[in-house]
Structure formats: C-alpha cells, structure tokens
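Subject: Handover of a structure for your study

Dear colleague,

Please find below the sequence and the structure that I am passing on to you. After them I set out what was found, taking one region at a time.

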Amino acid sequence: MVKKTFEKKMKLNFLSKQYKKDSKLKISHNYLKEQFSDYSKIFIEVKKIVKTGDYTLGQAVDQCEKYFAKKTGAKYAIGVGNGTDALFLSLKALNIGKNDEVITTPFTFVATVGSIVAAGAKPVFVDIKDDYNIDENKIESVITKKTRAIMPVHWSGRPCELEKIKAISKKYNLKIIQDACHAIGARYKNRHLVSYGDVCIYSMHPLKNLNIWGDGGFIITQNKALAEKLYLIRNHGLKNRNVCEIFGFNSRLDSIQAVVANYKMKNKLNNITVKRIQNAHLFDKIFKDNPFVNIIQREPHLKEVFHLYQINVQNRDKLQKFLNINNVDAKVHYPYPLHLQPSAKFLKYKRGDFPNAERIAKETLSLPVHEFIKEKHIKYIAALISKFYKV
C-alpha cells in the first residue's frame, strides 16, 4: 500500500496527458507534425551519423555551430544539451556562484531563475513593463556590492532595451547574460543581440522557433577566451581525449539533433520568422479596434520574432475556456510569476512586490502564431474573442 501511494505521488510526467489533450484542438500551439512532415529528408543525413558512429561532438555539431554563429552574428557558438544548461554553464564560465547576485525578471520560465540557483547565486528580481520585459529603469535600484550580472529575458522574442542595460552594466562592471531562448532572429536597432552582452543564450526545444527532435541549446559570444572556456566545460573540461584542463560538465549537443538544426537553418528558419511576424501583425491589425483586447505597443527599433503572441484581457480564464471549447489552443504563459512560486520562498518576496508582473500573469493569454496558422484561422480566433466580449 505504501509503495503504491509512493509511486502514485512520484508520477510527475504530466506532459504525455497534455500532448494528448492538446492534439484534439484543431488550431493548436503544437505544429510539429506539419513542421517535420518532410522528415525523410532529415533521415538521409541521420543515416550518415549512424554509419559513422559520430554521435557526440562530431562534424554535424561543428557545422551546426558555424551555421548558428552566422545566423546570430556571433564569432563563437557553443552547442550544449539544452537552453537551461546554456544559462547555467554561462554563469559557471563567468565565475558567478556562491555569495553573488544576478538581477533578472520574475516573469519568465522557471529555467531562467533555476539556472541562477543551480550555479549557487541568488536571483534578484526587478518588475516588468507592459511589454513583459524587465524594466530597465528599475535595475539600478537593486544593485548591491554582491551584484555580478544582469540576466534580461527577451520574452516571446521581443528584445529588451539593451542599450540602457548595457550602459548600466558598464557603469557597475556587471556581466550581461541574455536569455534569448525565445528570440532567434530578433534584432535591437538592426543589430544582433550578441552585440550587447557577454553571452547570449538560445534554446532549440521542440516548440521553439528553431526547433529540433528533443532538447538542445546554444551559447554565443564575441569573447574568444570565454568561448574557449565554454567549449571545455560543456565536455567535462577535456582539452583532448586524455587531458582534463578544468573540471566541467557533460552538456554536449547531440550530433543527430545538430543534423535536424542544420536542416532547419538551411531550409526553414527564414520562412518561419517571416510568417510568424506576418501572423502577429495581422492579429495586431484586427485587435486594434477591439477595446477588450490589449496588445503590446510595437516599437520600430525592435525586431520581434514572436515565439508567442500574447494579449492582455479581463476574464482571461473564462475566455481561455471559451476558446478551447471552440477548438482554439489558447494557453497561459504563465499564470504565476516566479517570486510567488513555492520554490522561491527562500528569497522572501511576497505578493505585491512586483505588481506589474502579478497583474499581467492574471491577464495574459497566448494565441497560436506559428507559421502553419492560416489567415482564416487568425480571423476565426479574433471573431471568437469578439463574440465572447460581445463586440
């Protein structure tokens, strides 16, 4: 009896049920079936890996790192196991850990803050603006003698105000670790994001804009010494087969996943970015005349790539349920800001400390915006929302 109760409590894989539930909705956030309908072309390259046995840090990874660096304007790209590892390894490579503080946002996926904690440092939160990104005007107020870095998150593919953040980092001698996991292809004042910090982090999770068949991530940088250290620590610190330069970690981008990423970068990424921007702008145009839907003000100096398309609405939960009933996969990213999560109790924040993040968490709703959404789907979603609010 005790064993059965324990096993029941320990069954924490909630994703399989979620995938099954989401698959029933006709207009879905999950587009992987369409995305990889040409999988047989990728299998041709995968077969080469199988024949050579070149599974870890092989030629496919070398090629992928070169492609990724070119796509993101970086001198160096280091492929790692996932986006979370990319954040964690960056902190370790920058010698940020115990007794250090890292400033970030409470409105992000748990991995951002989890990487800081895993590195041994303390997350320090700053509230967000109406665009979901960290309020750069509040950063200086929380800087202390222990502050070592700023970790801005380019939420849903919209760049933070990087010039101001870079100026603050220079003034206080702080590192900038950009969480750009949503933001492949984004630009700030027509410049690549890597131009504004020490490292820039990307994820290739299956639902990211550049996605693969599992987990994978990248760290990019313009700093040669930092890149050399990152190449070491992602592979146990091995300088070669027999010499361990420093003790590191095992977080290597798999060759098979690199093959998938290479195919996507060569053949699909540009179209993915263009289509998502077009779809988002059509949503913007339609919602402009709906007084019940608040959308983020677009800024000409920011190139957004729309990993998510988010609106702020009243009666959010009821609207979400209404859309789901009508076959639209509307989701909430995310209903609880991180300072109110059980895992963050040790930080001793309380409700009301970051009012904008708390308000937006109650109002935000994500609508499908990926490249397989058609114009008729967008108009159908907008019409449903108008019907709900009786516009």
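Glycine 217 in β9 is the bridge partner of serine 203. Please bear in mind from the start that this is a predicted model.

That pair belongs to the contact between two strands: β8 (residues 199–203) and β9 are antiparallel and share 4 bridges. On pairing in general, strands of a sheet are held to each other through backbone hydrogen bonds, in either a parallel or an antiparallel sense. Strand β9 also pairs with β1 (residues 76–80), again antiparallel, through 5 bridges. Within β9, threonine 221 stands opposite tyrosine 76.

Which strands make up the whole sheet, and in what order? The sheet is open and has 7 strands, arranged as β1-β9-β8-β5-β4-β2-β3, and its pairing is mixed. At the edges are β1 and β3 (122–125), each of which pairs on one side only. From one strand to the next, the twist averages 25°.

An example of parallel pairing is found between β5 (residues 175–179) and β8, which are joined by 3 bridges. Here cysteine 200 of β8 has glutamine 178 standing opposite. Helix α8 (residues 162–172) lies across both β4 (147–150) and β5, and runs at about 150° to β5.

Is strand β9 (residues 217–221) mostly covered or mostly open? It is mostly covered, with 5 of its 5 residues buried. In a regular strand, side chains alternate between the two faces of the sheet. In β9 both faces are covered: Gly217, Ile219 and Thr221 are buried on one side, and Phe218 and Ile220 are buried on the other.

Apart from neighbours within four places in sequence, the residues in contact with isoleucine 103 include Val124, Ile134, Val142, Ala149 and Met151. Threonine 147 is also one of these contacts. Isoleucine 103 and threonine 147 are separated by 44 residues in sequence, while their C-alpha atoms are 7.4 Å apart in space.

**The three-stranded sheet**

A further open sheet has 3 strands in the order β7-β6-β10, with antiparallel pairing. Its edge strands, β7 (191–192) and β10 (302–303), each pair on one side only. Between β6 (residues 187–188) and β7 there are 2 bridges, in the antiparallel sense. In this pair of strands, arginine 191 of β7 is opposite tyrosine 188.

**Helix α4**

Helix α4 covers residues 39–52, which makes 14 residues. From its first C-alpha to its last it reaches 20 Å, close to the 20 Å expected at 1.5 Å a residue. The helix bends by about 25° at glutamate 45. After α4 comes glycine 53, which has a positive phi, near 70°.

Which residues of α4 are buried? They include Ile42, Val46 and Ile49. An α-helix has 3.6 residues a turn, so residues three or four places apart point the same way. The buried residues of α4 pack against α5 (59–72) and α10 (255–267).

Lysine 47, also in α4, gives a contrast. Its relative accessible area is 55%, and because exposed means over 50%, lysine 47 counts as exposed. Lysine 47 and isoleucine 256 lie 209 residues apart in sequence, with 9.4 Å between their C-alpha atoms.

**Serine 28 in its loop**

Serine 28 sits in the loop between α2 (15–22) and α3 (32–35). Why does serine 28 count as buried? Its relative accessibility is 10%, and the cut-off for buried is under 20%, so serine 28 qualifies.

The side chain of serine 28 has two polar neighbours to look for in the model. One of its polar atoms lies 2.9 Å from the backbone nitrogen of asparagine 30. The side chain of serine 28 also makes a polar contact, at 3.4 Å, with the side chain of aspartate 329. Leaving aside neighbours within four places in sequence, serine 28 is in contact with Asp22, Asp329, Pro368, His370 and Ile373.

Yours sincerely,

A colleague

Conventions
Residues numbered from 1 in each chain as written. Predicted model: local features only at pLDDT ≥ 70, side-chain atom pairs only at ≥ 80, totals over all residues. Heavy atoms only, no water. Expected span 1.5 Å × (residues − 1). Bend = angle between axes of the 7 residues up to and from the residue. Buried < 20%, exposed > 50% of the residue type's maximum accessible area, 1.4 Å probe, protein only. Contact = heavy atoms within 4.5 Å. Polar contact = N/O pair within 3.5 Å; in protein donor to acceptor, adjacent residues only side chain to side chain. Pairing = 2+ DSSP bridges. Axes fitted to C-alpha atoms, helices over the stretch in contact; angles between N-to-C directions.
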